[in-house]
Amino acid sequence: MNQGPYSEAGVIIKPNPEFVEKANLNREEYERLTKWAQDDFTGFWDYFAKNEISWFKPYTKVLNESNAPFFKFFEDGELNMCYNCVDRHVTTRKKNRAAIVWENERGDSRILTYRELQFQINKFANVLKTLGIKKGDVVIIYMPMIPELPIAMLACAKIGAVHSVVFAGLSANALKERIIDANANIVITADGGFRGGKTISLKVHVDDAIRDLKMVKYVVVARHIHSDVPMKTLRDFWWQDLMSDADYANPRCEPESMNSEDPLFIMYTSGSTGKPKGVVHTTAGYLLWRILTARWVFDLKEEDTFWSTANIGWISGHSYTLYGPLSIGSTTFIYEGIPTYPSPDQWWYLVEKYRINVMYTAPTAIRALMRYGEEHTKKYDLSSLRLLTTGGERLNEAAWMWYYEHVGSKKCPIIDAYGQTETAGHMISSLPVVDQKPGSVGIAVPGIFPDVVDEDGEIITTPYEKGSLVMKKPWPSMVRTLWKNDDEYIKQYWEKFNNKYYYTSDVAYKDEDGYFWMEGRADDVINVSAHRIGCAEVESALTSCNMVAEAAVVGKPNEITGEEVFAFAVLKEGVDKTKHDEIVRKLRDYVRDQVSPIAKPSEIVFVDGLPKTRSGKVMRRVLRDIAAGKEIQQDLSTLDDKTVMDKLKSAIENREADILKKKNET
């Protein structure tokens with residue numbers, strides 16, 4: 001087996017034999033399932049849908065392709081998401097198992113067994129009914145990472161309402177846009193939340209968002225930070241007051257029978273321009289892929305305590321903080337806080353305290369914790385961990401190895417995976433029972449058919465040749481459409497290759513062994529003198545150098561070459577920034593040696609931090625504008641730390657002043 005061209009010094013990590021022996025999916029089973037899906041596509045999905053889902057009414061047809069690309073799976077079947085994730089477990093020995101374990105950065109904690117979770121869901125489902133919410137209505141949820149958030153989501157699912165969770169870090173204007181687009185008449189929120197030692201007000205944002213919106217009839221507010229917030233009579237109600245009146249002694253709520261293709265939720269995701277687009281996911285297909293990826297990718301077992309650090313406001317949080325672990329009856333740990341507060345060892349303290357077995361986080365978080373060194377991981381007993389997973393963006397080789405060595409003690413497989421908001425789950429993964437290649441997202445998950453094609457839609461057979469990542473066949477959890485915008489759905493995901501393939505807008509390549517390597521979004525490729533340079537290649541080279549903790553690379557317009565490579569780098573603690581020119585020279589030479597002389601950054605600017613969304617993704621479009629000296633035209637509503645923008649501009653100005661000074665001196 002060969003390593004990818006940018007893999008860490010040819011490192012290939014063999015599966016841990018101890019892990020493989022107990023894994024849900026071994027190599028032979030993987031190959032059998034993959035071949036089965038190739039030979040009998042509908043039979044494959046039929047088997048798992050019948051055996052994994054509790055149906056109220058069985059379906060008669062697996063896949064309807066008559067109106068492609070608007071595919072339908074199990075379309076005449078009926079079920080309920082909440083029943084499958086909670087109610088059915090209460091009828092078994094799992095009823096007294098912890099479903100949700102919650103803690104926040106202040107040390108407040110709470111445990112909900114499956115029976116207690118059902119109790120709370122039934123109460124809030126009845127509250128929603130009292131407020132006039134019925135099947136098909138859209139409920140906006142704008143809450144911190146507290147137990148009331150999953151309770152509200154599952155209560156919506158139980159009565160057939162469509163939930164649309166808006167990440168609680170978004171602005172009032174972003175919230176308003178989503179309320180209007182969804183035509184929602186109710187908002188579920190909290191007085192506020194805790195983040196990094198600060199209290200974040202939420203109710204005031206809701207008030208700002210709905211000030212001129214007559215469509216919103218009710219606002220339900222959970223008391224959490226116990227701050228004084230304005231409450232409008234007959235519109236605003238405290239969660240706790242409503243719950244105290246909701247048949248407290250013995251609440252009952254029968255699950256609504258939902259068609260397989262009924263919407264479960266809308267998730268808004270920002271495009272490069274224009275208003276956010278509402279990605280629609282349906283019930284049965286989404287549920288099935290939660291169950292299968294929880295078992296196959298995360299190797300989750302009923303007895304596991306699983307920690308996905310993803311905020312529930314994003315698709316990873318929906319899929320793997322909440323629905324994934326509950327769908328198979330395991331325990332999910334939910335945390336309200338950031339990884340470095342009150343100290344950089346906070347996460348490892350929690351792993352030891354709750355004996356976390358499987359952990360899922362973003363590469364950004366891993367790189368952030370790397371900056372503080374491995375001494376923090378050494379303070380705690382992390383032996384309960386048996387699998388470490390990551391996703392959301394490319395995990396560079398240096399971060400991969402740090403995660404493997406200092407968190408997983410070289411015994412835990414490191415699972416990198418590829419998925420999108422639109423795929424609603426992992427499609428490609430370095431599955432725990434196959435050889436691991438640091439930097440690669442691995443191979444196709446059984447039932448999924450990804451490939452790399454050129455601009456004409458022809459499949460690329462040459463290893464390492466970059467192209468567009470596509471999906472050649474539909475899958476049950478795929479996006480069904482964009483909310484109230486079928487035309488845009490076709491344009492964004494199908495039109496590029498004449499409805500033949502689902503277009504991901506991502507650039508990738510395959511190596512000789514069929515492993516996929518991600519190069520970033522299609523617009524994250526720099527064209528230097530007709531040479532296409534992947535941002536991820538250069539970033540990977542920079543971060544594999546022991547001086548750099550994080551890097552982001554963008555294209556800057558150049559009259560001669562078309563574009564030039566411009567890099568932003570966050571140096572590791574202890575690196576002497578006064579030796580700027582020497583460090584830049586070393587880094588440029590390193591990129592030249594590791595990637596190509598053409599890929600050498602024309603400029604490298606040292607910054608204290610990179611602009612990221614609250615889900616941890618670097619906002620490269622913003623960096624492109626900064627590098628080009630343009631006014632920022634991008635939507636900054638998802639920006640995690642607003643102060644980073646001023647610091648970036650200051651770093652650029654200081655660098656330009658330094659360059660000018662040196663020119664004058666010579």
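**Thr-423.** I looked up the side chain of Thr-423 in this predicted model and found one of its polar atoms 2.8 Å from the backbone oxygen of Gly-425. Thr-423 sits in the loop that joins β20 (414-420) to β21 (425-429); strands are DSSP runs of E, at least two residues, numbered from the N terminus. I noted a relative accessible area of 0% for Thr-423, which is buried (under 20%; exposed is over 50%, partly exposed in between, with a 1.4 Å probe and protein chains only). I then listed its contacts (heavy atoms within 4.5 Å). Outside the four places on either side in sequence, Thr-423 touches His-281, Trp-475, Ser-477 and Met-478.

**Cysteines.** How many disulfides are in the whole structure? I searched and found zero; a disulfide is a pair of cysteine sulfur atoms within 2.5 Å. For Cys-253 the closest cysteine sulfur is in Cys-82, 8.3 Å away, so the two are too far apart for a bond. Cys-545 is in no disulfide either, and the nearest cysteine sulfur, in Cys-535, is 19 Å from its own. Cys-253 is buried at 6% relative accessible area, and Cys-545 is buried at 10%.

**Confidence.** I checked pLDDT, the predictor's confidence in each residue, from 0 to 100. The chain has a mean of 90, with 94% of its residues at 70 or more. Over residues 1-9 the pLDDT is below 50, yet I counted 32 contacts for this stretch beyond near neighbours in sequence.

**Ground rules.** Residues are numbered from 1 along each chain as its sequence is written, and side-chain values use heavy atoms, leaving out hydrogens and water. In this predicted model, local features need pLDDT of at least 70 and side-chain atom pairs count only at 80 or more, while totals for chains, interfaces and linings use all residues.

Definitions and conventions
Helix = DSSP H or I, 4+ residues; strand = E, 2+ residues; numbered from the N terminus. Polar contact = N/O pair within 3.5 Å; in protein donor to acceptor, adjacent residues only side chain to side chain.
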